[in-house]
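This briefing walks through a pair of strands and several charged side chains. Please keep the sequence and the structure in view while reading.

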Amino acid sequence: MERLGKGIEKTGIRIDLPEETSQRLIKRTGVVLRRGNYMEGDVAVLLFLKSAGTNWVYVPGASKGSMRFGGALEPFVWGHYQLYQSKRKTYLKEIEVTEDFWALRRYPRAVIQAVRWAKMFERHLIPGYPYDDLLALFYWALKALSEGAASELLDARFLWRWLLSWGIAPDLHSCSICGKPLGGRAVWREGTFVCADCAHGQNPLDIDEFAAYALSKSFVPENSTSKLLEQARNVQQLFVKNLDDNR
């Protein structure tokens, strides 16, 4: 696959603008999550779009090479999309690539992690419903992945921030039962953290370094210590369960 530059690639479809209000041209910014063949010679692409959420769009003849977008249809390519929406389907008309995240391909673990997030979007997001905060989080998480940050750290932070955007993130500083400060140690109970006094003898987890990282401004940690990595691993599956329980 050749490297993408900034520019516009067109399908070559000649479309006369319809008069019906149910058929229109739409411009959106977003990212490719997945692509696949649709019927003979056609391609279907799952986009995650600003103000429109996840949507399948179609490119007739793309797999035959008659309508070429090249690498612009590859997963994790970001751009401005011009879409043609008919009564039955949405078709891709133009793409202006803004970020191809080519550097991501240098790190196999990073690609695997990005694919996992994309699959989680398919599982948890309502098609067509906007999740603009999550879209922005996804961009900055991919940016950090492409710069070589540890995927396990990014995953735990991304999941906690996702939960936060939905209003269901566990408090990292205060006990959810009594409200006392956790002091960097907590017990997981029913989707949230509680203090040792409220946990009735259960062994607490250390979460102090992860809490500082999760609440920091950047996905790239200032100090990527072994303790931070261990804490991120410990909480990651807890956050996944929170998402699954709130589907």
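Which residue in β6 stands opposite H80? In this predicted model, the residue of β6 that stands opposite H80 is E96.

**The strand pair**
- Strand β5, which covers residues 78–85, and strand β6, which covers residues 90–99, run antiparallel and are joined by eight bridges.
- The two strands β5 and β6 form a hairpin, with four residues lying between them.

**Salt bridges**
- Side chains of opposite charge can pair when their charged atoms come close.
- The structure holds 10 salt bridges, and one of them joins the side chains of E94 and K93, with a distance of 3.9 Å from N to O.
- Both E94 and K93 are buried.
- Another salt bridge is formed by E99 and K143, whose closest N and O atoms are 3.6 Å apart; this pair links distant parts of the chain, since E99 lies in strand β6 and K143 in helix α2 (residues 132–146), 44 residues apart.
- K143 counts as partly exposed because its relative accessibility is 26%.
- K180 forms a salt bridge with D197, and their closest N and O atoms are 3.9 Å apart.
- K180 counts as partly exposed, at 44% relative accessibility, whereas D197 counts as exposed, at 57%.

**A buried charge without a partner**
- R161 has its place in helix α3, which covers residues 151–165.
- Although R161 is buried, it has no salt bridge, and the nearest side chain of opposite charge, that of D133, is 9.7 Å away.
- Leaving aside residues up to four places away in sequence, R161 touches L137, A214, L215 and S216.

Methods:
Residues are numbered from 1 along each chain as its sequence is written. This is a predicted model: local features need pLDDT of at least 70, side-chain atom pairs count only at pLDDT 80 or more; totals for chains, interfaces and linings use all residues. Side-chain values use heavy atoms; hydrogens and water are left out. Two strands pair if DSSP finds at least two bridges between them. Buried means under 20% relative accessible area, exposed over 50%, partly exposed in between (1.4 Å probe, protein chains only). Lys and Arg count as positive and Asp and Glu as negative; His and the chain ends are not counted. A salt bridge is a side-chain nitrogen of Lys or Arg within 4 Å of a carboxyl oxygen of Asp or Glu. Contact means heavy atoms within 4.5 Å.
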